[in-house]
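Hi,

Here is the model I promised to pass on.

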Amino acid sequence: MSNSIRSFLMDSGKKAVARARDGWSVLIDKGPSQFQFWLISLVIGIAAGFAALFFRKGIEALQSALYGVEDVNLLHSYAGDLPWYLLLLIPICGGLAVGVILDRFTDDARVRSVADVIEGAALNEGRVEKKEGIASALASLITLSSGGSSGREGPVVHMAAVISSWVSNRISADGVTGRDLLGCAVAAAVSASFNAPIAGALFALEVVLRHFAVHAFAPIVIASVAGTVINRIEFGGVTEFHLPDTTTLQFYQELPAFLLLGAVCGFVAVALMWTIFWAEDIGNQLRDRTGLPRWLRPALSGALLGGLAIWFPHIIGVGYETTSLALTGELVLHNAVIFAVLKVIAVSITMAGRMGGGVFSPALMVGALTGLAFGLIATSVFPEVSGSVTLYALAGMGAVAAAVLGAPISTTLIVFELTGDWQTGIAVMVCVSISTALGSRLVDRSFFLSQLERRNVHVAAGPQAYLLSMFRVASVMRAKDDPRAASEDACWDMIGEGVYVDGNATLEAAMPIFDKAGVLFIPVVTLSGEDQAPELWGALYQVDALRAYNRALAATAAEEHS
């Protein structure tokens, strides 16, 4: 053996021993704490799984009691035979109950949902509002049980976030740990709701945390599996939808049709989101102009929904029965189109009335109906190169939902797990990619991020857009007694010229002043009233603001790449 080979082997052996020693040290020093964290993740996953299960069972029990049906999965069929006045009165009464709850326990009479969880992850160290979250869960349960046309995933995700927030506060978790625990709770809730462990874990990473950091992956998977086990203990390993064995793809010849379907679904998803936002704006304007009490707003929406349900009972609730009919090809073309349009209207009425619920299940239903309608047309025009219309319904379901959620990866997987059909991945992925690419350019990336943008919470553009809003000017400024502070005379001169910033404002408001005024510092004041002179607190230096911003960016990058 040559000296060079012997030297190489000796160096390799020394490195291996050193790595083993380092690994053992890490295991001894961090192993117990890491195991403890995973144990907490497991507990949160179990708790969130049970919360999702109880929420679903609660909806079924209350829905059965209100509508007098034995099988809530066939509610639409039963509702067609109910007296018209029941279909009208039940949503009105449900809306009254929702309005009273939200008026009493929230400051803005608004239901908390997935968008608030994303905001909590980005801006509040993984915490969400607890009292408002519990009230929102109860309001959404009543909404979904009494004729509201929305989904259960939004309330379930926020319920899980309330659980993780309570745990984070109890253990005084920092921002990174709080966000990881939040991701665990969300993953478990989604998995328990849809029996979809893979999609649940990826949904938490892709939609809520908005990164795929390795340190968060293991605990989130543990929690997601725990949530799935809770679901399967109660419901078994069955999928939500059952498809016929005819979802075959005629491969190359049929792919252009799925490209076109993806574009159509992208426009449909955007139309769904725009209609919801437009209806919400109309509702706000009507309330402002008429002085309508905010607790009465959900009841008026309930009246509109009840009137619509008299003629089209398929709009009631989550809509899984109609979605199943679309996925099995049991609807004709005009019914698929009409049902899709009416579902968009019904969801918009529900959301505009602030009745509660989520948009994922409605997006699945609208997508399945859109795909079925497209498939019926495509297969009739090119029957010799066409597969099954049910494949178009499946692909459309995933495409619309992915564009609405802004989550192509987790939505693709959740469609597979909801249906158990893994053989048609190419068609679904083609549609999802096109619809998501199109939809994300016509809205602020997704429905949830667009909701936040409408509240002036700039999360869609990434950390560089919202980190400035996390720092109050007073926490970064140099006080008057600081030896490095600006002179008071210079500050008062600038205040007289209208160059100053409120100490309670954030750096997001302060930074444009630097660009506009072209100064190195800005006087910081507090404005007591119109007739009172401002009180000088100190001065905010641009270099200090940039330093705080850069540190926050570095910490965010370290978290996302650890």
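How many salt bridges does the structure hold? There are 17 salt bridges in the structure, where a salt bridge is a side-chain nitrogen of Lys or Arg within 4 Å of a carboxyl oxygen of Asp or Glu.

Before the details, two notes on the ground rules. This is a predicted model, so to speak of local features I need pLDDT of at least 70, and side-chain atom pairs count only at pLDDT 80 or more, while totals for chains, interfaces and linings use all residues. Numbering runs from 1 along each chain as its sequence is written, and side-chain values use heavy atoms, with hydrogens and water left out.

The overall picture

The chain's secondary structure comes to 23 helices and four strands; these are DSSP runs numbered from the N terminus, with helices being H or I of at least four residues and strands being E of at least two. Of the 562 residues in the chain, 53% are buried. Buried here means under 20% relative accessible area, exposed means over 50%, and partly exposed is in between (1.4 Å probe, protein chains only). Among contacts (heavy atoms within 4.5 Å) with a separation of 6 or more, 79% are between residues 24 or more positions apart. The chain exposes about 24,600 Å², with carbon and sulfur atoms supplying 62% of it; areas come from the Shrake-Rupley method with a 1.4 Å probe, and for residues only the protein chains shown count as cover.

The charged cluster

A network of salt bridges links Asp107, Asp108, Arg110, Arg112, Asp116, Glu129 and Arg455. Within it, Arg112 pairs with Asp108 at 2.7 Å, N to O. Arg112 also forms a salt bridge with Glu129, with the closest N and O atoms 2.8 Å apart. Glu129 lies in the loop between helix 4 and helix 5 (131–145) and Arg112 in the loop between helix 3 and helix 4, so this pair ties together parts that are 17 residues apart in sequence. Arg112 is buried at 2% relative accessible area, whereas Asp108 is partly exposed at 25% and Glu129 is partly exposed at 33%.

Arg110 sits in the loop between helix 3 (84–105) and helix 4 (114–123), and counts as buried because its relative accessibility is 15%. Its side chain makes a polar contact of 3.1 Å with the side chain of Asp116. By polar contact I mean a pair of N or O atoms within 3.5 Å; within protein, one must be able to donate a hydrogen and the other to accept it, and residues adjacent in sequence count only if both atoms are side-chain atoms. Not counting residues up to four places away in sequence, Arg110 touches Leu102, Asp116, Ser136, Arg354 and Arg455.

Around helix 18

Arg454 and Glu280 meet in a salt bridge at 3.7 Å, N to O. Arg454 is in helix 18 and Glu280 in helix 10 (residues 255–290), so the pair ties together parts that are 174 residues apart in sequence. Arg454 is partly exposed at 37%, and Glu280 is buried at 18%.

Ser446 is in the loop between helix 17 (425–442) and helix 18. Ser446 is buried, at 4%, and its side chain reaches the backbone nitrogen of Leu449 at 3.2 Å. His458 lies in the loop between helix 18 (447–454) and helix 19 (463–466). At 28% relative accessibility, His458 is partly exposed, and its side chain has a polar contact of 3.0 Å with that of Glu453.

Nonpolar parts

What about the nonpolar core, meaning a set of buried Ala, Val, Leu, Ile, Met, Phe, Trp, Tyr and Cys residues joined through side-chain atoms within 4.5 Å? The largest has 144 residues, of which Ile220, Phe258, Val404, Ile414, Phe448 and Leu540 touch the most other members. Helix 15 (residues 389–405) gives the largest share of this core, 14 residues. Apart from it lies another core of 16 residues, including Ile90 and Met355.

On the surface, Phe35, Leu39, Leu42, Val43, Ile46, Phe50 and Phe54 form a nonpolar patch with about 660 Å² of accessible area together. Patches are made of residues with over 30% relative accessible area and no salt bridge, with like charges joined within 9 Å and nonpolar side chains (Val, Leu, Ile, Met, Phe, Trp, Tyr) within 5 Å. Ile46 is in helix 1 (residues 3–67) and is partly exposed at 33%.

Cheers
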